[in-house]
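Let's take a walk through this model, one piece at a time. Have the 3D view open as you read.

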Number of protein chains: 2
Amino acid sequence: MRYFVAVAEELHFGRAAQWLGIAQPPLSRAIRRLERRLGAQLLERTSRAVTLTEAGSVLLREARAALDAVEAAERRTRRAALAATGHAGVVLATKAGASSELLAKLLDAYAAEPDAVTVDLLLCGIGEQERLLRDGRADVALLHRPFDATSGFDTEELRTEGQVVVLPAGHPLTVRAHVPLAEVTELPGLPLPRWPRPDGTYPDGPGPQARDHAQLLQLIALGRACWIAPESCRAQLRDDLAAVPVLDAPTVTTVIAWPPHSRSRAVAGLVRAATRL
Amino acid sequence: MRYFVAVAEELHFGRAAQWLGIAQPPLSRAIRRLERRLGAQLLERTSRAVTLTEAGSVLLREARAALDAVEAAERRTRRAALAATGHAGVVLATKAGASSELLAKLLDAYAAEPDAVTVDLLLCGIGEQERLLRDGRADVALLHRPFDATSGFDTEELRTEGQVVVLPAGHPLTVRAHVPLAEVTELPGLPLPRWPRPDGTYPDGPGPQARDHAQLLQLIALGRACWIAPESCRAQLRDDLAAVPVLDAPTVTTVIAWPPHSRSRAVAGLVRAATRL
DNA sequence: GTGCAGCGATACCCCACGGGTATCGATCCC
DNA sequence: GGGATCGATACCCGTGGGGTATCGCTGCAC
């Protein structure tokens, strides 16, 4: 299945084989064997091009999920074994720089529980958490609706908040008590920045490219962009930035999420602590 | 991993090996190999007993999910290949006897869509649907909250309804416009029936054992039990049964559910048809 | 139109790993 | 203390997954 996913992604046996670290002929045979075992043609191959069949694209989706599940099983087991020897505990994934006071309160509350284990923090970029939870690099995550997809996970809502627009200090709008969303999206000279997609490319459009929070805040301070963010981010704003509430922006809900089948004692404890905040 | 799950369930190498259709020594070695590869002790073995370690129970949960995912990948791919040759389409799992008019409307509505494929119905018993969705025997299911667990699936709510108590025709209560829940649970001589658990055993307590709907209805008609059910079941009641609303019973929500990673065109079409009902 | 480059399939060889049988060693029970 | 039970070890075998060399097909270039 790993082999199939590699070929389906590259659509090229030679490159896929190289990527997998094996030779091309065994890869061809492995795929053919898989096709015979499943009784399904997965790839349409001419000597010039390889394309996915309908069954192949089904298997691509399913195989990715299955491989993630297998990887998760291995990783979580390894970690559980380490925990027995006293080292690591549960891994909590959270977006770098988001919900930091909530996170601090959560960690404090959990640490006060009688059977608390070590909580390793895994700070990650936009949209990474889903992957980390699926492949077992994390056991539990803090996600932000509606930005992060929570489908497939069990969740508990922790907090809902409005959003603010982050502007350079001294910007004319900063004297206002609040601004409408429409006005923010059309601020002259202060476009919203563009974030990289998971594959690393940037969407088209106006606005500067920002790779992480630090770059973004710098861009705002320089008067090259503005940004809409949950209001809890105000606590971490630098002096050269200001925030104004945007009442009609969608509200953001912070949730704690975990894979439904892996509610271990440690995860359950964290969730309990979180819901009691 | 299959091997490990077998041993972890039986807690006995000999029986597990027999169950797997292999000899005991290769099974012992396979487990030991797995332990070395994961760097974790999974089983505590004395020559008299085998017990799961902490890491072992983590792996048991994770491995079950992973094996289901692999099985699902194989099954769904096989089915997708058959669909290409014109045979089968999408498999919808639903509790036998529940939501039948809703189901009929759903199938009609979906069949009217331009790119509709064949919908195979999989009628199953209580609590089976979750398993079927996970291991790929079904692609989409109709579930009933709060009875069925929907965690780990994407869902859309279709309908919410109250519940009624089903009684033998002519029972004194049938003249009432509605009855409180407390009164139903203490009806003299008409206890609620006991359903088998997933492992086939019955919970303790009063009330007759019922294996399926037919048995249950028979028991009610004979005056040996009563039953609380969604009010839509009234449409299918036999003449010798009657139903009375129970206003304070929890409401039942029928949802359509599917595994989040496998929203194929066919599943998406069904969901669309369902939400438009 | 012919030659070449690119790419997947085939042929053939080899070793490692998964499986089987026989047996050992430990532990509990009578 | 002897037997029964059960997992581990020792040893053997065959298959299957991997490697190298090569073929056959198909565009494209000149």
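This is a predicted model: local features need pLDDT of at least 70, side-chain atom pairs count only at pLDDT 80 or more; totals for chains, interfaces and linings use all residues.

**Helices, DNA and a sheet**

Helix α2 (residues 13–20) of chain A and helix α3 (residues 24–38) of chain A have axes that come within 9 Å and cross at roughly 105°. Angles of 65 to 115 degrees count as roughly perpendicular, so α2(A) is roughly perpendicular to α3(A). On the α2(A) side, the contact is made by A:Phe13, A:Gly14, A:Ala16, A:Ala17 and A:Leu20, while α3(A) brings in A:Gln24, A:Leu27 and A:Ser28.

Now follow α3(A) over to the DNA. There are 18 residues around DNA strand D, and those that come nearest are A:Ala23, A:Pro25, B:Phe13, B:Pro25 and B:Ser28. Both chains show up among the elements giving two or more residues to this surface: α3 of chain A, plus α2 (13–20) and α3 (24–38) of chain B. The largest share, four residues, comes from α3(A).

The order is β4-β3-β5-β10-β6, with mixed pairing. At the edges sit β4 (119–124) and β6 (154–161) of chain A, each pairing on one side only. Ignoring direction, neighbouring strands of the sheet are turned by 25° against each other on average.

To zoom in on one pairing, take strand β3 (residues 90–95) of chain A, which runs parallel to β4(A) and is joined to β4(A) by six bridges. Here A:Leu92 stands opposite A:Leu121 in β4(A).

Methods: Residues are numbered from 1 along each chain as its sequence is written. Chains are lettered from A and ligands numbered from 1 in the order in which they are written. Axes are lines fitted to C-alpha atoms, for helices over the stretch in contact, and angles run from 0 to 180 degrees between N-to-C directions. Angles under 35 degrees count as roughly parallel, over 145 as roughly antiparallel, 65 to 115 as roughly perpendicular and the rest as oblique. Two residues are in contact if their C-beta atoms, placed from the backbone, lie within 7 Å. A residue is near a molecule or strand if its C-beta atom, placed from the backbone, lies within 6 Å of it. Two strands pair if DSSP finds at least two bridges between them.
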